[in-house]
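Let's take a walk through this structure together. Have a look at it first, and then we'll go from one spot to the next.

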Amino acid sequence: MFYVVKCPFCDYVGGFSVEKRWRFRFYEVSRMQCPRCKGVFNYYSGISPRTGKKSEFVIRVKPRK
């Protein structure tokens with residue numbers, strides 16, 4: 001599955017392949033890797049059960065040493 005998201009590292013906009021998916025509270029979380037800079041990040045998206053509003057954001061994943 002491909003998503004159109006903006007990479008938080010290099011600002012690339014395009015299709016990203018999903019490495020892993022899971023649920024966190026009401027969010028659907030997808031771990032993605034940028035095809036251009038190879039940066040890894042988590043994309044959260046979901047609808048709040050209290051307000052009914054759509055929420056989506058990106059969190060960078062630091063490379064492990």
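Is Glu28 buried, partly exposed or exposed? At 23% relative accessibility, Glu28 counts as partly exposed, since buried means under 20% relative accessible area, exposed over 50%, and partly exposed in between (1.4 Å probe, protein chains only).

Before going on, a word on the model: it is predicted, so local features need pLDDT of at least 70, side-chain atom pairs count only at pLDDT 80 or more, and totals for chains, interfaces and linings use all residues. Residues are numbered from 1 along each chain as its sequence is written, and side-chain values use heavy atoms, with hydrogens and water left out.

Back to Glu28, which joins Arg21 and Arg23 in a network of salt bridges (a side-chain nitrogen of Lys or Arg within 4 Å of a carboxyl oxygen of Asp or Glu). The closest N and O atoms are 3.6 Å apart for Arg21 and Glu28, and 3.0 Å apart for Arg23 and Glu28. Arg21 is partly exposed at 39%, while Arg23 is exposed at 54%. The structure holds 3 salt bridges, and one of them pairs Lys6 with Asp11 (4.0 Å, N to O).

Now for the inside. The largest nonpolar core has 7 residues, among them Val5, Met32 and Tyr43; such a core is a set of buried Ala, Val, Leu, Ile, Met, Phe, Trp, Tyr and Cys residues joined through side-chain atoms within 4.5 Å. Leaving out residues up to four places away in sequence, Tyr43 touches Glu28 as well as Val5 and Met32, among others.

Terms used: Contact = heavy atoms within 4.5 Å.
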